[in-house]
Structure formats: C-alpha cells, structure tokens
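I set out the terms as I go.

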Amino acid sequence: MAHNFAKDRFDEVPADLKRVGAHRAPVPPGRGWLLFLWAALATVVLVAAGIVGLTLLGDRVNFVENSTPAASAPQSTEAPTPVATIDPDSMVTVLNGTGRRGLATEAIEKLNAAGWTQSITPGNASVTDVETTTVYYEDPSQEGAARGLAEGLGVGSIQLSTQFQIPVEEGEEPVLQLTVVLGADYADL
C-alpha cells in the first residue's frame, strides 16, 4: 500500500550541497594535514611546558631509582657508627699478645692519660704472636666504648665477640667487659 503525500518545502534539496548519506558532505581536500598540524603544535606546547616546569622544580624531583632495598633507601637499616666514648663503668682488661714484657702496663698508662681512669686489669694473652691490636666488646651497646679504647691506644680495630666473656652463676647479672689484646702493631709504636 503506497501512500501519496503532497510535496512540501522539505522535499526540495538544493543541488549545490552535494550531500552524501545522512546529510554528510564530502571531506574537503587537505583537512587531514590541518588536524596533524594542530596535534603537532599541541605536542610541542606540552613538551615545552613540561621542560619549563621541571626546570622550575629544580632539585626537588629525583628520577634516579634508589639502588638500596626498600627498607634502606634513604632510610638505612644500618645504625650510625657509634661515637668513640670513655665508659667509666666498663670493666677493661688489657692482654699482651706479644713477647715484649710490660707492654700491657704501658698501654694502661696510655689509656689512663687518655681519660680511662677506672681500674684496668693487665695480663698476658695465651699467644705471643698477635699482629693487630684488637678491642673486643661483648654487647653492641659497648661499641662506642670499644672505639674509645682503640682511639686511646692510637692503634687497633674493634670486634664484637663473646670470646672473653666472664662466666656467671645462674641467676646472676652478666658482667660486660672490654678486652684489649695488644699486637705487634702496638709494640712497634
């Protein structure tokens, strides 16, 4: 069943529009280049703005990946090195690890002059061929005092060790001590 409708003003399409499909005109030539130029210009403007922004921020932005573990980068898992101190409460024993007689007594006199005024016990090590003077400390809290002893002697290294620990009876409080084993490097001073 065909309907015949009367023609009105909407049925007349001007011939100069060249409409295609649902009232679309063909794309004029060169329009693709125009879109490309606008995109290129926007890219240049954004890059320039980024460079200017980073320049203004200066050193506040760091793009270098931290090479330390997550627990360390700028935070460090290592405790800072304790400062050399003099601990008047520490028990100190100085052992001569060389064949030179009286070396432990000389070292005690040097330590007394350096400020170690508590009673320091001299003795002989079980060997006489020790090369490097070493200060042994039993607990990490004594590291500063161990450094102080090494500085007071002017030579040596420090080492955490329980090799010279004083045995205690059950229920007694352990006695922390610092033990210096003098070596050939101290005897040659």
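Helices (H or I, at least four residues) and strands (E, at least two) are DSSP runs, numbered from the N terminus.

I worked on a predicted model, in which local features need pLDDT of at least 70, side-chain atom pairs count only at pLDDT 80 or more, and totals for chains, interfaces and linings use all residues. Residues are numbered from 1 along each chain as its sequence is written, and side-chain values use heavy atoms, with hydrogens and water left out.

Entry 1, strand E1. Between E1 and E2 the chain passes through helix H2 (residues 103-113) in a right-handed β-α-β crossover (clockwise from the first strand over the helix to the second, with the strands pointing away from the viewer).

I placed Thr98 in the loop between E1 and H2. Is Thr98 buried or exposed? Thr98 is buried, because its relative accessible area is 10%. I recorded a polar contact (N or O atoms within 3.5 Å, one able to donate a hydrogen and the other to accept it; residues adjacent in sequence count only if both atoms are side-chain atoms) of 2.7 Å between the side chains of Thr98 and Asn96. The Thr98 side chain also reaches the backbone nitrogen of Arg100 at 3.3 Å. Beyond four places in sequence, Thr98 touches (heavy atoms within 4.5 Å) residues including Leu103, Thr128, Leu182 and Ala187.

Conventions
Buried < 20%, exposed > 50% of the residue type's maximum accessible area, 1.4 Å probe, protein only.
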